[in-house]
Amino acid sequence: MRQRNLLLILRQNKALGSKLLSNLNASTQTSDQYRLFSSIAKLAPLSRRSITRSFVNYGFRSFHQLNHKGYRSSIRNFSSVASTVAETKEGLKLLVTAGPHAQKMIGIWLFTSAAWVFSMVVLGGITRLTRSGLSMTDWKFTGRLPPLSDEQWIAEFEKYKQSPEFKRVNMGMTIEDFKFIYWMEYAHRMWGRALGIMFALPFSYFLHKGYITMQLGLRLSGLFALGAGQGLVGWWMVRSGLEEPPSEYVVPRVSPYRLAAHLTSAFVIYCGLFWTGLSVVMPEPPAGSLAWVHGAAKVKRLALPVSILVGVTTISGAFVAGNDAGHAFNTFPKMGDTWIPDDVFSMKPLVRNFFENTATVQLDHRILATATLAAIGGLWWATRKLDIHPAIRSLIGSTVGMAALQVTLGVSTLLSYVPVSLGTAHQAGALTLLTLMILLSHTVRRPSPSLLKSLPGWWKSPCEPDFELSLGLQRLVSLDQEENP
């Protein structure tokens with residue numbers, strides 16, 4: 001503890017530290033300690049930081065107290081002062097201020113909300129794959145009761161009959177078939193509204209109790225606003241599917257841009273809730289030794305680009321869904337009889353092909369998925385010999401397995417012409433893989449300075465810029481221990 005506190009103060013002035021080292025090498029007797037502190041006092045005007053000057057002056061006064069008043073713990077005294085400064089300057093800032101019980105409550109609430117959003121994504125995938133999303137032709141922010149009588153069901157069915165989807169795709173649909181797709185869309189909408197209530201009520205309670213800091217409150221308010229806007233984005237998406245297609249040969253469907261925006265927003269909300277929940281219940285990453293901290297730093301440099309690649313691949317999957325690209329080129333690894341279809345750049349301007357051309361969108365998703373699997377495999381290979389925390393190693397292994405499973409699900413979905421079960425599992429798998437990457441990125445973040453300095457031998461690390469200074473400080477403490485056994 002003494003070495004750490006001395007190093008914290010002295011590292012703020014390199015010139016002072018180097019001159020202190022020269023004095024340390026010459027100070028081997030108790031009488032030499034007086035000259036040592038005297039030389040420090042003379043060097044004090046060289047310091048540019050007030051904290052260093054305060055430390056030097058306090059050390060000089062403590063030494064005289066040792067000689068004249070019988071105090072035998074001078075170094076211990078100014079060590080405690082330095083410790084107070086360090087805690088004020090480098091203490092960990094918690095997102096929840098009301099103790100472990102409140103921390104646990106808020107963590108459970110956030111993880112429950114994240115799980116609810118996960119279920120919303122899965123339910124949305126089922127709604128899309130069963131072609132239920134266009135069954136409700138109007139929208140109210142507050143919601144409404146479902147049809148409860150035969151007359152109400154007939155009225156809703158008549159509204160649906162006016163839509164392009166019924167006229168071009170579902171002309172033979174009965175009212176019983178309509179009830180199924182209506183209930184799917186209704187459940188999706190009401191599940192989202194229930195999530196808003198489930199989030200808002202505990203949020204108001206925790207704010208009223210003062211459990212939440214300003215930083216956490218602003219972050220959660222932003223996520224709540226984004227969630228409230230999801231209803232508007234969803235209706236904006238559905239509206240595009242209720243418009244007449246430009247050609248009679250085009251199947252009515254929602255805009256791929258709007259579907260991608262809706263799905264991406266849901267993913268952002270989920271990631272924000274999950275990351276915030278982790279930050280509440282695990283404010284510090286696992287760090288049992290300096291070697292594990294250095295290993296985690298190396299993993300972090302690799303995990304960040306891989307996480308970005310996973311996110312981009314997920315968004316490209318939204319465009320595959322929006323263009324119904326999974327119903328074309330149902331072969332693998334080739335796309336039909338060729339590796340690259342001839343019409344991948346048939347649209348003008350060129351950039352439209354990457355978002356609207358079925359062949360290009362599917363080719364992009366294949367390439368990105370393969371690159372993601374290779375990148376995660378490379379992450380495992382590059383870190384297999386690193387000295388890292390067992391939890392991090394387990395996470396990397398789980399991520400590799402999930403990536404392999406996700407690619408397998410994607411290929412199976414394509415070859416099976418996108419059945420609802422496999423398509424839903426593939427969408428849930430994408431969010432699961434993203435969850436593992438978020439968990440890995442959160443686990444390998446840098447510990448706080450206070451945690452680093454609590455690790456054994458942190459001041460011995462050759463990676464520290466003041467390594468040589470710390471060796472001199474060891475001698476200073478050893479002299480104190482000889483004088484004060």
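How far apart are the end C-alpha atoms of helix H11 (residues 256–281), and what span should its 26 residues give at 1.5 Å a residue? The end atoms sit 37 Å apart, which agrees with the 38 Å that H11 should span. Keep in mind that this is a predicted model. On the fold itself, the chain has 18 helices and 0 strands.

**The chain as a whole**
- Of the 485 residues in the chain, 47% are buried.
- Take the contacts between residues at least 6 apart in sequence: 77% of them join residues at least 24 apart.
- The accessible surface of the chain is about 24,200 Å², and carbon and sulfur atoms account for 64% of it.

**Helix H11**
- Back to H11: 20 of its 26 residues are buried, so the rest of the structure largely encloses this helix.

**Salt bridges**
- The structure has 11 salt bridges.
- One of them pairs Asp138 with Lys159, with 3.6 Å between the closest N and O atoms. Asp138 lies in the loop between helix H6 (100–129) and helix H7 (150–161) while Lys159 is in helix H7, so the pair ties together parts 21 residues apart in sequence.
- Both partners are partly exposed: Asp138 has a relative accessible area of 24%, and Lys159 has 36%.
- Asp138 and Lys159 also belong to a network of salt bridges that includes Arg144 and Glu156.
- Another salt bridge joins Asp324 to Arg253, where the closest N and O atoms are 3.9 Å apart. This pair links distant parts of the chain, 71 residues apart: Asp324 is in the loop between H12 and H13, and Arg253 is in the loop between helix H10 (214–241) and H11.
- Asp324 counts as partly exposed at 21% relative accessibility, and Arg253 is partly exposed too, at 33%.
- Then there's Arg352 with Glu356, whose closest N and O atoms are 3.0 Å apart. Arg352 is partly exposed at 31% relative accessibility, as is Glu356 with a relative accessible area of 23%.
- As background, side chains of opposite charge can pair when their charged atoms come close.

**A nonpolar surface patch**
- Phe345, Leu350, Val351 and Phe354 make up a nonpolar patch on the surface, and together they have about 370 Å² of accessible area.
- Phe345 sits in the loop between helix H12 (290–322) and helix H13 (353–356).
- Phe345 counts as partly exposed because its relative accessibility is 45%.

Definitions and conventions:
Residues numbered from 1 in each chain as written. Predicted model: local features only at pLDDT ≥ 70, side-chain atom pairs only at ≥ 80, totals over all residues. Heavy atoms only, no water. Patch = residues over 30% accessible without salt bridge, like charges linked within 9 Å, V, L, I, M, F, W, Y side chains within 5 Å. Areas by Shrake-Rupley, 256 points an atom, 1.4 Å probe, with all protein chains shown as cover. Salt bridge = Lys/Arg side-chain N within 4 Å of Asp/Glu carboxyl O. Helix = DSSP H or I, 4+ residues; strand = E, 2+ residues; numbered from the N terminus. Buried < 20%, exposed > 50% of the residue type's maximum accessible area, 1.4 Å probe, protein only. Contact = heavy atoms within 4.5 Å. Expected span 1.5 Å × (residues − 1).
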